[in-house]
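Please walk through the fold of this protein chain, from its overall properties down to single residues. Running paragraphs will do.

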Amino acid sequence: MTATPSLPAHASVVIIGGGIMGCSTLYHLAQMGVSDAVLLERNKLTSGTTWHSAAQVRALRSSQNLTRMIQYSVDLYAQLERETGQAVGWIQKGSLSIATNPGRLDHVLRQEALAKAYGVRAEAISPGEAKERWPLMNADDVIGAVWSPDDGRVSPSDVCAALVKSAKAKGARIFEDTGVTGILTQGGRVVGVETAKGTIRCDAIALCTGLWSREAGAMAGAEVPLLACEHFYLLTKPIAGITGNVPSLSDHDSHLYIRDDSGGLLVGCFEPMGKPIAPGSLGEDFQFGLLPEDWDHFEPMMMNALHRLPALEQAEVKMLLNGPESFTPDGMFMLGEAAETRGLFLGCGMNSVGLASGGGAGMNLAHCIVHGHTAYDLSEADAKRFAPIFNSLDHLMARAPEILGTHYEITYPGRQLKTARGLRKLALHNAYEAAGAAFGQFYGWERPLYFAKEQVGHSGQPELRFGRPDWFEQVGREVAAAHQSAAIFDASCFGKIEVEGPDAERFLQWVCSANMDKPAGSAIYTALLNERGGYESDITAQRIADQHYRLFVGTAAIKRDLAWLQRHQNGFDVSLTDSTEAYAVLGLMGPDAGRILAACGASELCELGYFKVGPAHIAGKHLRAVRMSYVGEAGFEITCRWENAAAIYDALTQAGAQPAGLYAQTAMRIEKGFAAMGHELDADVSPIETGMDGLTSKKKDFLGAAALVERRKTARRSLVTLIFDDQSATPLGHEPVLLDGKIIGTTSSAAFGYRIQRPLALAHVSTPALEALEPAGLAVEVDVTGRRYGARLQLAPAYDPKGERMKGALL
């Protein structure tokens with residue numbers, strides 16, 4: 001009998017979980033030279049959810065880098081067999097996405113345009129051509145389709161076997177039937193794992209534990225908000241008309257995906273509302289397990305399938321497979337280091353696309369462990385993006401089933417989730433409700449999108465579409481208020497971090513690219529850059545006192561930015577405190593701002609210089625205000641104690657200000673050409689490409705400064721403004737930009753510019769024409785939902801208020 005191998009005393013990296021994410025991460029760690037990595041699986045490899053995956057691999061995703069990640073998976077799976085000799089079952093027959101209503105057709109045509117921008121082959125085809133590719137399909141109600149020839153599928157267990165075979169050849173070790181019973185931490189960092197077979201000391205842990213990741217993360221003090229739901233697909237015995245392999249068929253209007261399986265059909269669904277699985281329902285011995293069939297739940301999907309595939313009426317059913325899959329609160333996986341625990345790296349919550357994502361996601365997780373960052377920006381999957389409240393079991397039980405149902409939703413602008421709402425409310429929430437606010441959820445906060453919702457759509461319910469939205473006129477009125485009089489934009493949900501201590505200035509001089517050596521009473525806009533010169537964040541800082549700064553960060557960035565600052569805190573005598581819910585922030589914007597402040601007894605604020613901070617009182621409540629604007633109008637951002645916001649707001653509105661929502665603010669931001677994180681700014685983009693290198697200090701050393709020196713040798717500005725010729729165009733972002741018929745970039749943010757009365761967008765483009773761009777701009781085209789619109793490309797903002805005056809004071 002062969003002796004059971006003993007666990008090593010130490011490993012550089014321990015991977016917990018032997019599904020596709022664990023196996024892929026192990027493979028890539030070995031490829032990157034980590035020869036002593038260990039994978040621990042409490043049962044057998046692939047025995048959780050990987051083994052029953054439908055294993056479709058579709059390249060096109062919602063962003064360029066997510067698409068790039070899937071393309072990596074496609075390339076990896078195609079070459080693994082040559083590398084290892086292990087078959088992976090890679091079948092590349094393409095995929096067909098059909099549309100049965102105008103909204104879905106717009107959706108798939110936007111996808112086709114996006115595919116071309118991202119280097120993915122895709123082609124819009126007629127219903128007749130779609131029928132030729134899928135003869136068994138009832139195409140009577142099909143009005144259009146998109147054909148993607150490079151998509152395919154794999155055999156889940158065979159892929160994992162090939163990944164493991166290669167990793168073991170490079171020194172990696174796998175221990176099955178070895179459950180982790182504890183994660184050891186010291187000083188906020190992982191130092192080892194405990195199992196029934198012994199303890200392994202380690203430098204890093206990759207948590208790839210699928211359905212059980214929330215509980216596994218808790219062993220290390222980390223929040224991992226995900227929940228398992230039941231996922232169904234039908235398998236039939238062989239039927240006439242299925243010969244060999246056929247393309248995958250996506251009938252998302254019917255919530256279905258369909259492909260061949262052993263001469264029969266596999267018909268899977270993402271029904272509108274899934275069935276959650278309470279934690280603890282699946283025990284530690286759940287391996288290669290399935291859940292009971294539920295024909296009552298599946299029946300509506302079965303009726304849809306019978307409509308689309310009449311041949312199903314005569315098919316003999318093998319089984320209705322019901323297997324668990326994990327879902328996160330926003331439908332995106334988690335990848336990267338946890339905020340709470342150093343050295344704990346999450347690779348989980350795959351939302352039923354684990355096989356498609358696994359190759360590229362495992363590579364990026366390994367890259368993050370070895371190099372400290374993903375191979376390219378994947379901020380939409382950042383493990384630190386969720387508010388702590390979303391780790392609540394009640395909220396997960398409500399949200400996860402809806403997320404399963406959104407898998408095939410049309411991605412209309414303005415789409416909002418319905419479950420787990422009202423979790424966090426602004427200080428002025430009741431006042432905004434009284435003003436008819438339509439709310440959107442951001443990092444758990446309910447934030448006004450626009451007001452007077454009773455005037456929008458039918459009885460206050462807007463009809464979602466890709467064309468001009470129902471709230472168009474109301475947002476225009478809010479922009480007009482900020483442009484002609486004064487509007488209040490609530491920024492209270494922005495994160496706030498108190499930086500205090502003897503080394504406050506020295507610390508911020510290191511982590512910030514701007515000069516932070518400004519006197520108390522100053523405000524400073526600055527980037528936080530990574531070692532590569534890319535944006536980790538962009539923030540505004542107010543210097544309250546010599547040893548005290550207050551940082552204002554993006555709403556969804558507080559957890560990430562605080563963790564980033566804490567990672568660089570060593571060696572500085574400084575404290576960092578999250579004060580987000582201690583302070584409210586109201587932006588008073590417009591030419592009447594000064595008059596209103598004076599009417600409220602705070603006329604001294606009108607004497608402030610730009611980016612200067614001063615104290616005042618309104619309605620007897622203390623506040624600080626900074627002279628600055630994010631919307632291209634004269635204005636002030638007022639910070640006050642959370643409990644004082646209502647009194648100050650009442651005074652401002654009684655003096656003539658009116659509330660305005662996020663949609664108006666965004667439209668005005670784009671008109672002014674202001675870049676935003678997650679749109680124009682990310683970890684791969686530097687101030688050089690955004691045209692903001694002039695805001696970085698050239699007189700000090702700071703994190704990322706050396707990288708900028710090197711980037712300046714070759715990098716050039718790529719961020720531009722696009723002003724559309726046709727007033728009816730409705731760009732949304734992520735549209736291809738073309739010059740002389742060739743794609744030169746994509747839009748990043750888009751809106752209607754109410755002050756210039758034209759649709760507009762910001763975009764990153766690459767063309768030599770930028771080097772000698774005339775003030776009149778450059779004529780380009782933008783592909784919006786399959787139609788090309790003319791636009792003028794320029795470096796200057798679409799709207800520039802220079803020379804305008806605030807009534808009673810200089811801008």
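The mean positions of the 75 positive and 91 negative charges of the protein chain are 4 Å apart. Here Lys and Arg count as positive and Asp and Glu as negative, while His and the chain ends are not counted; each charge is placed at NZ of Lys, CZ of Arg, CG of Asp or CD of Glu. The model is a predicted one, in which local features need pLDDT of at least 70 and side-chain atom pairs count only at pLDDT 80 or more, whereas totals for chains, interfaces and linings use all residues. Residues are numbered from 1 along each chain as its sequence is written, and side-chain values use heavy atoms, with hydrogens and water left out.

Along its principal axes the C-alpha trace spans about 85 × 65 × 50 Å. The chain holds 18 helices and 41 strands, which are DSSP runs numbered from the N terminus (helices H or I, at least four residues; strands E, at least two). Of the 811 residues, 61% count as buried; buried means under 20% relative accessible area, exposed over 50%, and partly exposed in between, with a 1.4 Å probe and protein chains only. Among contacts (heavy atoms within 4.5 Å) between residues at least 6 apart in sequence, 72% join residues at least 24 apart.

Gln-542 lies in strand E26 (residues 535–545) and counts as buried because its relative accessibility is 3%.

Which residues of helix H16 are buried? They are Leu-662, Tyr-663, Ala-664, Gln-665, Ala-667, Met-668, Arg-669, Ile-670, Glu-671 and Lys-672, ten of the eleven residues in this helix (662–672). Their cover includes strands E21 (438–442) and E22 (445–450), helix H11 (472–484) and strand E36 (742–753). After H16 comes Gly-673, with a positive phi near 80 degrees.

Most residues other than glycine have a negative phi. Ala-452, in the loop between E22 and H11, has a positive phi of about 55 degrees and is buried at 10% relative accessibility. His-734 has a positive phi near 65 degrees. The loop that holds His-734 runs between strand E34 (719–724) and strand E35 (736–739), and His-734 is partly exposed, with a relative accessible area of 36%.

Gly-263 is found in the loop between strand E14 (256–261) and strand E15 (264–269). At 22% relative accessibility, Gly-263 counts as partly exposed. Beyond four places in sequence, Gly-263 is in contact with Pro-238, Ile-239 and Ile-242. Gly-263 and Glu-735 are 472 residues apart in sequence and 40 Å apart in space, C-alpha to C-alpha.
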